[in-house]
Amino acid sequence: RASTSAGAHHSLLLDSRGALLSAGTERPRNHFAHLPASPADGTPGLLGHTQGVVAPGVGAPTLVTPPRAVAALCARPVVAVSAGRHHSLAVTADGAAYSWGNGREGLLGHGDEASTGVPRLIEALRGVRVGAVAAGRMHSLAASREGLLWSWGQNTYEQLGLGDGDAGQENLPPGTGAATCVGGHAAPSARRCVRSPSQVSALSAEKVTLLAAGGDHSAAGTAVGRVYTWGWAAQGQLGRPADKNSPRSVPGLVAALSDSRVTDLSCGACHTLACTARGEVFSWGCGTNGELGHGDSFNRHSPELIEALVTVHACAVAAGEHHSVALSAADGAVFAWGHGRGGRLGLGNGEEGSALLPQRVSALSGVAIASVAAGASHTLAVSAAGRHYAWGSLDALGYENEELRNQPTPAELQLSEQL
């Protein structure tokens, strides 16, 4: 089935045959302003069209690419993709996992910090039949088809769930943590990053079927509908009020959802969405931009039902950086809310238009949408007929237009499998 994933500066698009296309903008530097300058700064290799290791310097160009087939995976049907802020992940039909983009802090899982501009097999997961992947701001998750979970990348906020650092970190401020990285699977002390996939042992007794990676937090859903969260918790994004003042290094059950069977899950920068088998949508975490959909801009430290969607019977959710999207099971209608800058809500009410409550994306009326994805400043949708739609920042779609920098309402993408 055709699907899609939206990152901060790029988009990954799958057609119904498993062909992978990517589009967006690669920038050489200034995207890690909070970290020391590095040759790996920026978003090198993000789109998967550049052969070999990429280490752009000051003079490297910005690359803008409209939808284009990823040549390295043309011979392998792709079944799952995830677009992060600085990297991309893909799973092929045989269960192999690939990564490409910026390798800073082990983000790609290759045991080093090298960036690569072409999809590269994650050797540490060779022999594992991967079924799902999730790319966060600076970390990655993968689940096997048997339901085991792995994580790698940045661990400053315990977003890897490896159980290193709950003790003694009750008031850890953002940007602090252990200043060490490890190349292998496990280490006895807290580490800033992990460069190769490490199994999340705390969930080894569960069968993980859903994954979500946010700004600095993570979530997993199980085969029986339970939800676990871990990582940074300051805005309530873990949905566990007792943990709101500190990062949590071990996955913890979101008890408020224990009576609901969660069927879809998504993490934004600092908020989380869950959809249940009854078609309910719950939200929690940061609400500053209205991304929780409760009609206000307050944070929630525990899951709260979005009353405005009770009659919609949702079947899927997507959390962008500061906006949210839900999909109706009945007719494939799309609803959006939160920060509207750049037209990312698709409501056509101006570039700055935001919504504190879910609003139907009327431009898609009559189109049965089957899946949705939300990025930092754009939104994607795929119809039941396999047509791809996009709105918001044109930067993330690989289009340069000095007069029109954003698309305020959904527009169909013309995909070409030309290499």
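Student: Where is His339 found?
Tutor: His339 is in the loop between β24 (334-338) and β25 (355-360). Keep in mind that this is a predicted model.

Student: Ok, and what does His339 touch, leaving aside its neighbours within four places in sequence?
Tutor: With those neighbours set aside, His339 is in contact with Asn289, His322, His323, Arg344, Leu345 and Ser354. There is also a polar atom of the His339 side chain that lies 3.5 Å from the backbone nitrogen of Arg341.

Student: New topic: Gln237. Buried or exposed?
Tutor: Gln237 counts as buried, because its relative accessibility is 1%, and the cut-off for buried is under 20%. Gln237 is found in the loop between β16 (227-231) and β17 (248-253).

Student: Which backbone nitrogen does the side chain of Gln237 reach?
Tutor: That of Gln235, at 2.8 Å.

Student: And what is Gln237 in contact with, again skipping neighbours within four places in sequence?
Tutor: The partners are His217, Trp232, Cys270, His271, Thr272, Trp284 and Gly285. As for Ser302, which is 65 residues apart from Gln237 along the chain, the two C-alpha atoms are separated by 8.2 Å.

Student: Is Cys275 buried or exposed?
Tutor: Buried, because its relative accessibility is 0%. Cys267 counts as buried too, at 8% relative accessibility.

Student: Let's switch to strands. How many residues of β28 are buried?
Tutor: Six of its six residues, so strand β28 (residues 388-393) is mostly covered.

Student: Which strands does β28 pair with?
Tutor: One is strand β27 (residues 378-383), joined to β28 by five bridges, with the two running antiparallel. Another is strand β29 (residues 406-412), which pairs with β28 in the antiparallel sense over four bridges.

Student: What stands opposite Gly392 in β29?
Tutor: Gln407 does. Gly392 is also the bridge partner of His378.

Student: And what about the hairpin of β27 and β28, how many residues sit between the strands?
Tutor: Four, and in that hairpin Gly386 takes a positive phi near 90 degrees.

Student: Great, thanks!

Note on methods
Residues numbered from 1 in each chain as written. Predicted model: local features only at pLDDT ≥ 70, side-chain atom pairs only at ≥ 80, totals over all residues. Heavy atoms only, no water. Buried < 20%, exposed > 50% of the residue type's maximum accessible area, 1.4 Å probe, protein only. Pairing = 2+ DSSP bridges. Polar contact = N/O pair within 3.5 Å; in protein donor to acceptor, adjacent residues only side chain to side chain. Contact = heavy atoms within 4.5 Å.
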